[in-house]
Amino acid sequence: MRAITLGAAMVLIAVVAGLAYQRGASDCHARYQARELAQIERANQLDRARIASERARATLARTLEEKAHADPVAVPRCLGPQRLRRLNHLR
């Protein structure tokens with residue numbers, strides 16, 4: 001009878017240890033997956049921020065280019081026709 005009790009206790013210990021191992025392994029796997037998902041989400045956020053900044057840069061560049069070409073550059077005359085004639089007479 002003692003041998004049967006001892007054997008049953010050993011089997012019970014083995015089953016409990018096996019279940020504990022499986023629980024620990026599944027918890028570890030779940031933590032690993034959670035870390036991986038968090039890293040993927042951070043990478044996605046960085047990608048979205050990069051894309052948004054590239055769009056903002058392109059929009060700003062387009063706006064500045066449109067403003068630069070919108071109004072022709074008005075260059076004041078350096079010398080009027082009368083002044084040019086006077087300078088030519090000085091030669």
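**Close-up views of a predicted chain**

View 1. Asn88 counts as partly exposed because its relative accessibility is 41%. Here's the scale behind that label: buried means under 20% relative accessible area, exposed means over 50%, and partly exposed is whatever falls in between, using a 1.4 Å probe and protein chains only. Asn88 sits in helix 2. Helices here are DSSP runs (H or I, at least four residues), strands are runs of E with at least two, and the numbering starts from the N terminus.

Residues are numbered from 1 along each chain as its sequence is written, and side-chain values use heavy atoms, with hydrogens and water left out.

**View 2. The whole chain, for orientation.** What does the secondary structure come to? Two helices and zero strands. The C-alpha atoms fill a box of roughly 135 × 25 × 10 Å along the principal axes. A compact globule of 91 residues would have a radius of gyration near 12 Å, yet this chain has 41 Å. (That radius is taken over C-alpha atoms, and the globule rule is 2.2 Å times the number of residues to the power 0.38.) How many of the 91 residues count as buried? The share is 0%. The accessible surface comes to about 8,800 Å², and 63% of that belongs to carbon and sulfur atoms. Such areas come from the Shrake-Rupley method with a 1.4 Å probe, and for residues only the protein chains shown count as cover.

**View 3. Gly18 and His69.** Gly18 is part of helix 1, which covers residues 2–70. With 31% relative accessibility, Gly18 goes down as partly exposed. From Gly18 to His69 you count 51 residues in sequence, and their C-alpha atoms are 76 Å apart in space.

**View 4. Arg23 and Asp27 in a salt bridge.** A salt bridge is a side-chain nitrogen of Lys or Arg within 4 Å of a carboxyl oxygen of Asp or Glu, and the structure holds four of them. In this one, the side chains of Arg23 and Asp27 meet at 3.5 Å, N to O. Why does about one helical turn separate the two? Because Arg23 and Asp27 are four residues apart in helix 1. Arg23 counts as exposed at 56% relative accessibility, whereas Asp27, at 32%, is partly exposed.

**View 5. Arg48 and Glu41.** This pair's side chains also form a salt bridge, with N to O at 3.1 Å. Arg48 has a relative accessible area of 47%, so it's partly exposed. Glu41 is partly exposed too, at 36%.

**View 6. A salt-bridge network of Asp47, Arg50 and Glu54.** Within this trio, Arg50 bridges to Glu54, with their closest N and O atoms 3.1 Å apart. Arg50 and Glu54 are about one helical turn apart, because four residues separate them in helix 1. Arg50 is partly exposed at 40%, and so is Glu54 at 38%.

**View 7. A nonpolar patch on the surface.** Which residues make it? Leu79, Leu84, Leu87 and Leu90, with about 380 Å² of accessible area together. Patches are built from residues with over 30% relative accessible area and no salt bridge; nonpolar side chains (Val, Leu, Ile, Met, Phe, Trp, Tyr) are joined within 5 Å, and like charges within 9 Å. Leu90 is in the segment after helix 2 (81–89). Is Leu90 buried or exposed? At 70% relative accessibility, Leu90 counts as exposed.

Technical notes. This is a predicted model: local features need pLDDT of at least 70, side-chain atom pairs count only at pLDDT 80 or more; totals for chains, interfaces and linings use all residues.
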